[in-house]
Amino acid sequence: MKLFVDEAVGTIEALIGQAPAISLKEEQELSILSNIIPPIVLLKISVSGDVSASVMVALTPNLVTSLADMMLGEEDSSREDVTNDDLDAIKEIVSNIFGAISNSLSAQKEIPILSFNVEGVEYIGENKEVSLEKYSKMFVYNFQIADIKSFFMFVIDSKLEESIFCTCCSLSCSIFSFYSYCAIFCVYVSLS
């Protein structure tokens, strides 16, 4: 997941002129009891290429509005009211992040080539529910830029989870950080 964080930091810095600090807070296996508590902004992303899968990014409303304001060169207003312009801005930011990830993955021969398409973005209000039943794993990240401290979630389905996490050994490496080392280790072990 290091690639995801690196590309998010680089893309946001390029778009707004400041680099955020992003760190993994927790990783969760999802179950029927898992949930995301609204209000939240959801971006649904399709994955194609070597695997067909689904991804979702969930951001707090104040993070969305703050990034949108900063992208437009305005001061952070820490608003909670998400407008269509805010949704368009966050869709562009997330599209750019996943475009950068796709470019990085396609440059490496030993890992799957994946393309990402942001299919939709929506604000989910307080009295609604977010269904996670088609997803298998969630990564929760702390996010800080300037005075903004927030978090966001990156949610993947089992198809993507199986394709990006090496299951050929007990290392359970992520292609986003250690897959090539795991492949070398697994080949070495199998030849021994």
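Two strands pair if DSSP finds at least two bridges between them. Residues are numbered from 1 along each chain as its sequence is written, and side-chain values use heavy atoms, without hydrogens or water. This is a predicted model: local features need pLDDT of at least 70, side-chain atom pairs count only at pLDDT 80 or more, and totals for chains, interfaces and linings use all residues.

Me: Which residue in β6 stands opposite Q144?
Reply: Strands here are DSSP runs (E, at least two residues; helices are H or I, at least four), numbered from the N terminus. β5 (residues 137–145) pairs with β6 in the antiparallel sense over nine bridges. Opposite Q144 stands K149.

Me: How many bridges join β3 to β6?
Reply: Strand β3 covers residues 53–59 and runs antiparallel to β6. M56 stands opposite V155 in β6. The number of bridges joining β3 to β6 is five.

Me: Which residue takes a positive phi in the hairpin of β5 and β6?
Reply: Two residues lie between the strands of this hairpin. The phi in question is near 55°, and the residue is A146.

Me: How many of the nine residues of β6 are buried?
Reply: Buried means under 20% relative accessible area, exposed over 50%, partly exposed in between (1.4 Å probe, protein chains only). Strand β6 (residues 148–156) is mostly covered. Its buried count is seven.
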